[in-house]
Amino acid sequence: MRAPQQIADLSWQTVHAFISDWQQAPYLWSQEIDVQMEITSRLLKAFREINLATVRGNYGKSLPGFERNQLWNRACCEPTVWCTLDNALQEYEPNIVVWDDIEDPNYPPDDNTRKNWPIVWLCELKLDWAPSDDLDRKKILHLLEQGAT
């Protein structure tokens, strides 16, 4: 198992470096998706430098030859996670998620169930915040309260 704190710390350092660059030239990233991809690319580069860029999870349906060798990016944009909100399990797609390792790669927690892969770090980005965007904040708070991240 990798050190989740090391991964979280590196995630924050990467975001802070991006914010500094963005403050110098904010128009380089004109859409939210541009920011998502930039930060995720930087995260993966930083994780690669310390050999933490991937997680292993062997799912039942796989390409021949990859039944027990499925590598996935540790950081990704808009994956589906599950969040209980208003007493209902709901799909949620945070802008960026950084995954933790799992105990047994042959039994991913989300394989055929509505359970989350463990999340070390996630974020929502808002280029133009509006009161209607408060639902994302609520979902993140619920994920924190539920111990999902």
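Biologist: In which loop is the place of Asp-86?

Modeller: The model is a predicted one. Its strand β4 covers residues 81–85 and its strand β5 covers 88–92. Asp-86 therefore has its place in the loop between β4 and β5.

Biologist: Is Asp-86 buried or exposed?

Modeller: A residue counts as exposed when its relative accessible area is over 50%. Asp-86 has a relative accessibility of 69%, so Asp-86 is exposed.

Biologist: What is the phi of Asn-87?

Modeller: Asn-87 is also placed in the loop between β4 and β5, and is exposed, with a relative accessible area of 80%. Asn-87 is a residue other than glycine, yet its phi is positive, near 65 degrees.

Biologist: How far apart are the end C-alpha atoms of helix α1?

Modeller: Helix α1, residues 4–24, has 21 residues. At 1.5 Å a residue, α1 should span 30 Å. This agrees with the distance between its end C-alpha atoms, which is 31 Å.

Biologist: What arc do the buried residues of α1 cover around the axis?

Modeller: The buried residues of α1 are Ile-7, Ala-8, Leu-10, Ser-11, Thr-14, Val-15 and Phe-18. They lie on the same side of α1, because the arc that they cover around the axis is only 165 degrees.

Biologist: Which exposed residues does the face of α1 turned away from its buried side carry?

Modeller: The buried residues of α1 have a cover that includes α2 (32–49), β6 (96–99) and β7 (119–123). The face turned away from that buried side carries the exposed residues Gln-5, Gln-13, Gln-23 and Gln-24.

Note on methods
Residues are numbered from 1 along each chain as its sequence is written. This is a predicted model: local features need pLDDT of at least 70, side-chain atom pairs count only at pLDDT 80 or more; totals for chains, interfaces and linings use all residues. Side-chain values use heavy atoms; hydrogens and water are left out. Helices (H or I, at least four residues) and strands (E, at least two) are DSSP runs, numbered from the N terminus. Buried means under 20% relative accessible area, exposed over 50%, partly exposed in between (1.4 Å probe, protein chains only). The expected span of a helix is 1.5 Å times one less than its number of residues. The arc is that of the directions from the helix axis to the C-beta atoms. Contact means heavy atoms within 4.5 Å.
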